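I opened the model to look up two things. I wanted the salt bridges and the pockets.

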Amino acid sequence: MILRVGLTGGIASGKSTVRALFAAYGAYAIDADALVAHLYEPDRAGHRALVAAYGDQILRADRTIDRARLADIAFADATSAKQLNALIHPIVVAHTEELLGEYERTHDDGVVVVEATLMIESGGRARYDRIVIVDVTPEVQIERGIARGLAREEVLRRIANQLPREERLRHADYVIDNSDGIEPLKVEVRRVYDALLADLARKKTNAPQ
């Protein structure tokens, strides 16, 4: 039996680091956002959908998606961002479900963690047994986003186009505080992973025989 866990958080909250730690502790981890890059490759479903919606203006000379150009168009405002999400999310969700199904067919039990930036917005609450939120303050998001090379205005724009922090936290079964560096984060992730293992054990006990 599998415990499906959705992992999310705001921009620059440290989701990928948390996913890697879950994997190190024994979870099977999937990066749904990385699937987007795969689906954006020429002749794949995401690429075809984007070109149909936005035209050749989002393409480089080699026909690959210009992610920066796409972001300028798609994240210009909240309405544009919702349009892109509505276009891409069904494709990503379907591909993620294929990976989950394959894992469940080949493993008797385990904790599967799926990281996705827009987990809540895409209906993840209904698809996963547990939701884990990586949480930091907006000030930390801005600081870390700038450290990654983003302009402050770009970080603020992305924060504005994501689910508000308070609303995101309302969906959490577990919250991981990533404010204090890697060593405290390791402790936080271990705490939550142990809780998820306990949840999996209860799920097995309560399953119909």
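**Ground rules.** This is a predicted model: local features need pLDDT of at least 70, side-chain atom pairs count only at pLDDT 80 or more, and totals for chains, interfaces and linings use all residues. Residues are numbered from 1 along each chain as its sequence is written, and side-chain values use heavy atoms, with hydrogens and water left out.

**Salt bridges.** I searched the whole structure and got 17 salt bridges. The term means a side-chain nitrogen of Lys or Arg within 4 Å of a carboxyl oxygen of Asp or Glu.

I looked up Asp31 and found a salt bridge to Arg19, with the closest N and O atoms 3.2 Å apart. This pair links distant parts of the chain: Asp31 is in strand S2 (residues 28-31) and Arg19 in helix H1 (residues 15-25), 12 residues apart. Helices (H or I, at least four residues) and strands (E, at least two) are DSSP runs, numbered from the N terminus. Arg19 counts as buried because its relative accessibility is 18%. The cut-offs are under 20% relative accessible area for buried, over 50% for exposed, and partly exposed in between (1.4 Å probe, protein chains only).

Next I took Arg130 and Asp199, which form a salt bridge at 3.1 Å, N to O. They sit 69 residues apart, Arg130 in strand S4 (residues 130-135) and Asp199 in helix H10 (residues 182-206). Arg130 is partly exposed at 25%, while Asp199 is buried at 4%.

Glu154 and Arg157 also pair, at 2.8 Å, N to O. Both lie in helix H8 (residues 152-161), 3 residues apart, so about one helical turn separates them.

I also noted a network of salt bridges linking Arg4, Glu97 and Glu104.

**Pockets.** A pocket is an open set of points on a 1 Å grid over the protein atoms alone, where a 1.4 Å probe fits, with protein on both sides within 12 Å along at least five of seven lines; lining residues have an atom within 4 Å of a point.

The largest pocket has a volume of about 1,000 Å³. I listed 41 lining residues, with Asp33, Arg67, Phe75, Thr117 and Arg158 nearest its centre. H5 provides the largest share of this lining, 9 residues.

The second largest pocket holds about 150 Å³ of space. Among its lining residues are Lys82, Asn85 and Gln162. H5 gives the most here too, with 4 residues.

Conventions. Grid points are joined across faces, edges and corners, and a volume is the space filled by probe spheres set on the points.
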